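Please read them with the coordinates open.

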Protein chains: 2
Amino acid sequence: MSDTVAISRRRETTRRRLLDAAAEVFAEVGMDAASVETICDAAGFTRGAFYSNFASKEELFFALVRLVADARVGGVREKVAALEAEGPLEVTSRNAVEVVRHVLDIEPDDRFGVLLSNEIRIHALRDPDLAQAYLEQESAICASVARLLDDVAGHNGMSFHLPSRDVARILVTAWDSAAVRGVMAGLGQSELARHIGDELGSITAALLVD
Amino acid sequence: MSDTVAISRRRETTRRRLLDAAAEVFAEVGMDAASVETICDAAGFTRGAFYSNFASKEELFFALVRLVADARVGGVREKVAALEAEGPLEVTSRNAVEVVRHVLDIEPDDRFGVLLSNEIRIHALRDPDLAQAYLEQESAICASVARLLDDVAGHNGMSFHLPSRDVARILVTAWDSAAVRGVMAGLGQSELARHIGDELGSITAALLVD
DNA sequence: AGATCAGGATACATTTCTGTATCGAAGTGA
DNA sequence: TCACTTCGATACAGAAATGTATCCTGATCT
């Protein structure tokens, strides 16, 4: 009995290492340009291990998308919960920027994350299953952000020019596009974060009614 | 003399057909998943013609990106100029939606266009040269839109909560993301256009100060 | 008309990738 | 300790893609 357990454990870590390596390779060169062998090299395995765990590169990609989506959504939920637990945030239209910096903190995306999520995005544009997963993920994230916005605004007697759900979507969208521009401009980790923060801050301020 | 002219003309149309076919194939399956042969089939040529015109698939891709970028920027400039030539647009915060529908008209992007521009985008994320081209294109488009916004707002004694350049960027960004969501949701041409229009309209209204 | 040449087609050599079938090592239970 | 199982490594065959070298056609000029 402990037999199968130990064995599945090994299998699990192998799968995981392959998935991690694949994420990196996919981010770097894209899913289509990545060969199975390249992924295996990066993971420190041979193709034997790969085909023992996945039927194809596509199957691995699907698994990876699920993993990433869950991680993202979970991460946002967590951070939002943490923010709310810190007690009511003090906000005025003046320091809205600071609040959004907190929201930004939700996902300190670096180059790697931006590349990976855009890789997922383009494949979701072509595959209905992936599209659904992508839309659900985005929707879940927006819902979390919207809740946070409601909370913050409510505790400060403020509101937005749009339903919080729309504001959330705009912010998430702007965050993504700012990240893309930042990566293209070759910004490093910290510059990237500040760049995104500034952008989101000014948008939030503009959408706030006080 | 008319020799070389006629010959270059044939060459030009061959190049063009290859570029058009490539655009379609790239949009459909992505640049990395597209084989040179597939592109040639789509264009009605063999690989001989291809390698007689391009050194590699990458070179063709670069040429295509330039073409698309120029077309986009030019298209936006044109439509904006046309809108401005129609005379001062009447705008109130009430019909801001309608004005933005005009702005939307700038580029009635269908599924094909969305796929292609996102394909270009992800490669630009990985290639510095492409990145520069991409950023310049976006910048040029935003500039046009910003001019239009200034014009419209000026003629109506209104302004925005943000510099028009920022508003333009937000709108272009939102437009892109709405298009992506629409394509993922499987919307057709007309639904897609309305979806994007609604989105941009409400954002514009929210950012308008009257 | 005949010569010439550009440009696309054909044929070929090479590389790369995939997927499967088989092997061997390491860990586990009796 | 010995048989057994699992799982990753190795070896192999086939397919697909690339790039080049050569051929062929049709248009142009004298």
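1. Gly44(A) sits in the loop between α2 (36–43) and α3 (47–53) of chain A, where helices (H or I, at least four residues) and strands (E, at least two) are DSSP runs numbered from the N terminus. From Gly44(A) to Thr13(A), 31 residues away in sequence, the C-alpha to C-alpha distance is 12 Å.

2. This is a predicted model, in which local features need pLDDT of at least 70 and side-chain atom pairs count only at pLDDT 80 or more, while totals for chains, interfaces and linings use all residues. Residues are numbered from 1 along each chain as its sequence is written, and chains are lettered from A and ligands numbered from 1 in the order in which they are written.

3. Chain A contains 9 helices and 2 strands, and along its sequence these follow the pattern α-α-α-α-α-α-α-β-α-α-β. Its C-alpha atoms fill a box of roughly 60 × 45 × 30 Å along the principal axes, and of the 210 residues in chain A, 41% are buried. Among the contacts in chain A with a separation of 6 or more, 70% join residues 24 or more positions apart; two residues are in contact if their C-beta atoms, placed from the backbone, lie within 7 Å.

4. The contact between the chains draws 28 residues from chain B and 28 residues from chain A. On the side of chain B that touches chain A, at least two residues each come from α6 (111–124), α7 (128–154), α8 (164–184) and α9 (189–207) of chain B, and α8(B) gives the most, with 9 residues. By class, that side of chain B has 18 nonpolar, 6 polar and 4 charged residues, where Ala, Val, Leu, Ile, Met, Phe, Trp, Tyr, Cys and Pro count as nonpolar, Asp, Glu, Lys and Arg as charged, and the others, Gly among them, as polar.

5. In helix α5 (residues 96–105) of chain A, the residues Ala96(A), Val99(A), Val100(A), Val103(A) and Leu104(A) are buried. They cover an arc of only 150° around the axis, which puts them on the same side of α5(A); the arc is that of the directions from the helix axis to the C-beta atoms. An α-helix has 3.6 residues a turn, so residues three or four places apart point the same way. The buried residues of α5(A) pack against α7 (128–154), α8 (164–184), α9 (189–207) and β2 (208–209) of chain A.

6. Helix α4 (residues 57–85) of chain A and α7(A) have axes that come within 10 Å and cross at roughly 5°, the axes being lines fitted to C-alpha atoms, for helices over the stretch in contact, with angles running from 0 to 180 degrees between N-to-C directions. That makes α4(A) roughly parallel to α7(A), since angles under 35 degrees count as roughly parallel, over 145 as roughly antiparallel, 65 to 115 as roughly perpendicular and the rest as oblique. The residues of this contact divide into 11 nonpolar, 2 polar and 6 charged.

7. In chain B, α6(B) and α7(B) pack at an angle of about 130°, with their axes 8 Å apart, and that makes α6(B) oblique to α7(B). The contact is made by Ile120(B), Arg121(B), His123(B) and Ala124(B) of α6(B), together with Leu130(B), Ala131(B) and Tyr134(B) of α7(B). Ser117(B) also lies in helix α6 of chain B, and it is buried, with 20 other C-beta atoms within 10 Å.

Technical notes
A residue is buried if 20 or more other C-beta atoms lie within 10 Å of its own, exposed if 12 or fewer, and partly exposed in between; C-beta atoms are placed from the backbone.
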